[in-house]
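The sequence and structure come before the details.

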Amino acid sequence: MNQTAVSDAISPSIQLSRFVAESRWEDVPAEVRHAARRAILNFFAVAISAARTPSLDIAVRTYARFSAGPQASLAGRPDRVDVLSAAALNAMAANVFDFDDTHHPTIIHPSSPIAPVLFALAETRPMSGQELLHAFVLGVEVACRIGNAISPEHYARGWHITSTCGVFGAGLAAAKTLGLDARQNVHALGIAAVQAGGLVEALGTGAKSVSVGNAARNGLLSAFLAADGFDGPALPLEGERGFLRVVGDSPRLTAMTERLGDSWELLNNAYKPYPCGVVLNPVIDACLELSSDPRIQDGGWGSISRIELTGHPLLRQRTDRPDINSGRQSQVCAQHAVAVALVRGRAGLAEFSDEAVADPVLRTLGARLVFTDDAAMSVDAVKVHVEFNDGATLQREVTAPRGSLARPLEDDAIEQKLRDLVRYAGVDVDAGRLIDSVWSLETAGDAALPMRLAATRK
């Protein structure tokens with residue numbers, strides 16, 4: 001174990017805090033550094049894609065009324081707001097379309113609450129690209145290791161894990177750039193713990209974005225308060241009434257510290273090819289394959305009598321939503337995902353829009369969907385069985401969808417995702433320059449350059 005790791009005899013809260021305070025960039029392997037740039041590239045893609053949506057318009061208008069000044073930029077927009085508001089609003093934008101990165105197995109979307117904090121700070125104080133990347137890697141490590149300690153029961157109980165665990169990653173990422181020591185980091189964890197929140201019940205609504213924004217804002221605020229002398233509990237994570245024991249059943253404390261500094265959670269991060277809940281990725285893969293079958297092409301889907309999805313129970317629990325009425329709800333709706341992939345043979349942002357949801361053809365076909373649970377199946381797997389009026393059947397099985405850890409998006413695919421989403425958003429952003437600035441971030445003297453390139457002038 002390298003020198004930044006500490007004894008297992010020390011409490012997890014203290015161990016994580018010391019690890020962040022003592023970590024050196026030289027300790028971060030090259031593959032993790034590269035993974036950090038991939039994650040940030042994907043962050044800008046998804047944040048820009050939602051920057052001009054009605055949800056962000058409302059949020060920017062509301063936050064701007066209370067902004068302390070034009071300190072920091074918003075991706076895809078000309079607005080400038082204070083640092084805390086910029087962290088919140090860029091985090092909200094990154095998560096609106098559910099197109100952000102996904103950590104396995106926790107299903108945390110780590111970049112959304114963490115990257116915006118660091119870019120907001122970079123616009124207000126000197127910071128090199130290397131410093132930003134280092135803090136980002138550590139923030140992801142903290143958020144995902146805390147998530148590992150309470151997964152899957154935490155999410156299953158209804159907590160929105162990106163928000164609840166993201167606040168800790170945001171807090172200690174900010175703490176690293178502010179130069180906090182281990183004692184102050186423990187306080188930052190404690191201050192973050194009392195601000196952690198977010199409910200799965202809010203999926204498909206604007207309220208979900210609020211908790212993701214709060215994770216960024218509250219994490220940054222926690223670091224600021226700790227830097228100024230605010231204190232918190234000695235054991236904020238594992239204490240008798242600490243975060244883990246309150247929101248989890250039997251937290252696995254060793255998950256936070258085992259091989260700390262040797263094993264990196266950022267390498268367990270995946271990137272979505274479709275703007276929807278990650279459990280729908282294998283479903284869409286299978287249905288896109290089926291859409292090219294002669295029985296389904298050219299209107300053949302009209303003779304489908306029944307569609308059966310066999311998958312992990314989480315697929316049904318999170319996506320069985322037969323009566324949706326908005327594009328945001330369609331991101332977590334299997335009925336819509338199946339129908340739009342079969343009928344249109346595509347699964348981009350236009351296919352998960354209000355317009356697509358209102359299509360009566362898709363509603364009619366989606367109503368023919370049924371679920372079968374199989375707890376032995378991976379959440380990355382699905383069987384799609386299609387029956388026709390004449391008794392004929394088709395079936396596709398996916399065991400590792402595109403974008404999963406087993407079939408990851410390549411660098412050029414993430415670059416193309418950014419170009420496509422900039423074009424979809426219709427904003428004045430030079431995608432090529434932004435891409436180059438992210439790939440060269442490790443050697444950049446000014447970490448704020450990518451955010452300035454992502455902001456628009458009008």
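At 41% relative accessibility, Arg 407 counts as partly exposed. Its salt-bridge partner is Asp 285, with the closest N and O atoms 3.6 Å apart. Arg 407 sits in the loop between strand S8 (393-398) and helix H18 (411-425), and Asp 285 belongs to helix H12 (residues 281-291), so that this pair links parts of the chain 122 residues apart. Asp 285 is buried, its relative accessibility being 8%. The model is a predicted one.

**Salt bridges**

In total, the structure holds 25 salt bridges. Among them is the pair formed by the side chains of Arg 252 and Glu 153, at 3.5 Å from N to O. Arg 252 is in the loop between helix H11 (243-247) and strand S4 (269-270), while Glu 153 is in helix H7 (residues 153-156), so the contact ties together parts that lie 99 residues apart in sequence. Glu 153 counts as buried at 14% relative accessibility, and Arg 252 is partly exposed at 33%.

Another salt bridge joins Arg 157 and Asp 249, whose closest N and O atoms are 2.7 Å apart. Here Arg 157 lies in the loop between H7 and helix H8 (161-178) and Asp 249 in the loop between H11 and S4, so parts 92 residues apart in sequence are tied together. Arg 157 is partly exposed, with a relative accessible area of 44%, and Asp 249 is exposed, with 51%.

| Arg 252 | Glu 153 | 3.5 Å |

**Cysteines**

How many disulfides does the structure hold? The count is zero. A disulfide needs two cysteine sulfur atoms within 2.5 Å. For Cys 276, the closest cysteine sulfur is that of Cys 333, and at 11 Å it is too far for a bond. For Cys 287, the closest cysteine sulfur is in Cys 276, also too far for a bond because the distance is 11 Å. Cys 276 is buried, with a relative accessible area of 0%; Cys 287 is likewise buried, at 0%.

Key. Residues are numbered from 1 along each chain as its sequence is written. This is a predicted model: local features need pLDDT of at least 70, side-chain atom pairs count only at pLDDT 80 or more; totals for chains, interfaces and linings use all residues. Side-chain values use heavy atoms; hydrogens and water are left out. A salt bridge is a side-chain nitrogen of Lys or Arg within 4 Å of a carboxyl oxygen of Asp or Glu. Helices (H or I, at least four residues) and strands (E, at least two) are DSSP runs, numbered from the N terminus. Buried means under 20% relative accessible area, exposed over 50%, partly exposed in between (1.4 Å probe, protein chains only).
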